[in-house]
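Please find below a short note on the model under review. The points run from the overall make-up to individual sites.

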Amino acid sequence: MSSGTKTATSNGIEISVFPEAEKEKINEVRRLIGPLSGKLALFCSDACIARYLRARNWNVKKAVKMLKASLKWRREYKPEEIRWEDVAHEAETGKIYRSNYKDKLGRTVLVMRPRCQNSKSIKGQIKYLVYCMENAIVNLPENQEQMVWLIDFHGFNMSHISIKVTKETAHVLQEHYPERLGMAVLYDAPKIFEPFWKVVKPFLEPKTANKVKFVYSDDSNAKKILEELFDMDQLEPAFGGKQGEDFDISKYSERMKEDDKKVPLFWKTEGDPAIASLPVPALDASTLESDSDTSDGKADGSSHEADTDDFPTDNPLPATKDHGNGENDTE
């Protein structure tokens with residue numbers, strides 16, 4: 001199915017126009033989810049529901065189950081309430097940060113450097129990742145809902161990988177941020193990644209597999225991928241660009257503090273006409289926790305059984321080996 005045309009209000013509420021068949025599925029998901037209130041009602045826009053449907057090949061039953069799990073997670077984890085001061089210590093080395101440039105499509109860019117891992121706390125690492133994802137979404141332009149990852153593997157070795165952190169990272173991204181990834185560029189990844197990728201790729205939907213690009217600094221053909229994506233005058237030197245400014249935690253801290261001021265406006269619900277038509281009774285926890293077995297295959301007519309996720313399972317995000325001390329789990 002094709003995706004709908006999307007617009008947004010000034011505070012980020014997505015209002016989308018979808019083909020009739022897609023709109024019917026969106027309405028069916030909304031009916032099965034039940035009434036929502038406050039931020040969860042705002043989160044559960046038509047564009048959001050469409051992302052969950054696309055992640056599950058437009059299978060209504062699977063999309064409902066996935067979305068209910070995300071709504072429960074957002075209610076309990078409260079990702080939109082994380083602020084810079086809560087995670088600043090995780091950001092000091094520049095292991096993940098939102099760049100001050102966007103790609104040619106206007107998509108937010110997250111830069112990741114696995115070698116810069118500075119924490120042994122799984123909870124801290126995931127909390128900072130969630131903060132970065134929420135921040136990237138708040139900074140998306142009105143006509144975009146996806147982001148780009150630039151993963152710099154310079155100085156990387158296998159000691160930077162923690163199985164537990166990688167699994168938790170993959171779970172959060174795949175289950176709670178579906179269809180948010182536009183492209184992931186793995187820059188100068190170790191050669192061991194490519195054989196693994198060739199094994200994994202056949203099990204992914206083509207649209208997902210095509211989002212992951214391997215780029216090497218010594219390959220002129222691969223570098224064309226970056227030239228097609230970015231204005232090279234804005235891209236930083238680590239990726240072959242000409243923008244000479246390195247990551248500066250002091251300047252970045254000020255940027256994030258300013259960004260935090262946008263968040264209450266982004267999630268403003270009181271008196272907002274854009275969500276006035278959404279049901280607003282109090283949220284029923286049992287509604288979120290059910291598996292929506294009342295919806296059968298007839299609801300969507302889909303014959304797809306394999307779930308598809310937006311993020312590659314060999315997720316090369318910054319991670320560290322953690323050793324048991326209560327919060328830091330061992331592998």
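Predicted model: local features only at pLDDT ≥ 70, side-chain atom pairs only at ≥ 80, totals over all residues.

1. Residues are numbered from 1 along each chain as its sequence is written, and side-chain values use heavy atoms, with hydrogens and water left out.

2. The chain has 13 helices and 7 strands; these are DSSP runs numbered from the N terminus, helices being H or I of at least four residues and strands E of at least two. Of the 331 residues, 53% are buried, where buried means under 20% relative accessible area with a 1.4 Å probe, protein chains only. Among contacts with a separation of 6 or more, 79% join residues 24 or more positions apart; a contact means heavy atoms within 4.5 Å.

3. Helix 4 (residues 60-77) and helix 7 (residues 163-176) have axes that come within 9 Å and cross at roughly 115 degrees. Axes are lines fitted to C-alpha atoms, for helices over the stretch in contact, and angles run from 0 to 180 degrees between N-to-C directions. Helix 4 contributes Met66, Ala69, Ser70 and Trp73 to the contact, and helix 7 contributes Val172, Gln174, Glu175 and His176. By class these are 4 nonpolar, 3 polar and 1 charged (Ala, Val, Leu, Ile, Met, Phe, Trp, Tyr, Cys and Pro are nonpolar; Asp, Glu, Lys and Arg are charged; the others, Gly among them, are polar).

4. The whole structure holds 3 cavities of 30 Å³ or more. A cavity is a set of points on a 1 Å grid over the protein atoms alone where a 1.4 Å probe fits but cannot get out, and lining residues have an atom within 4 Å of a point. Helix 6 gives the most to its lining, with 4 residues. The lining of the largest cavity comprises 6 nonpolar, 1 polar and 5 charged residues, including Arg83, Glu134, Asp259 and Trp267.

5. Asn139 lies in the loop between helix 6 (122-138) and strand 5 (147-152) and is buried at 10% relative accessible area. Beyond neighbours within four places in sequence, Asn139 contacts Arg98, Lys102, Thr108, Asp259 and Lys262.

6. Cys116 is buried at 17% relative accessible area, as is Cys132 at 3%. The disulfide count is 0, with a disulfide taken as a pair of cysteine sulfur atoms within 2.5 Å.

Terms used: Buried < 20%, exposed > 50% of the residue type's maximum accessible area, 1.4 Å probe, protein only. 1 Å grid on protein atoms, 1.4 Å probe; cavity = no way out; pocket = protein on both sides within 12 Å on 5 of 7 lines; lining within 4 Å. Points joined across faces, edges and corners; volume = space filled by probe spheres on them.
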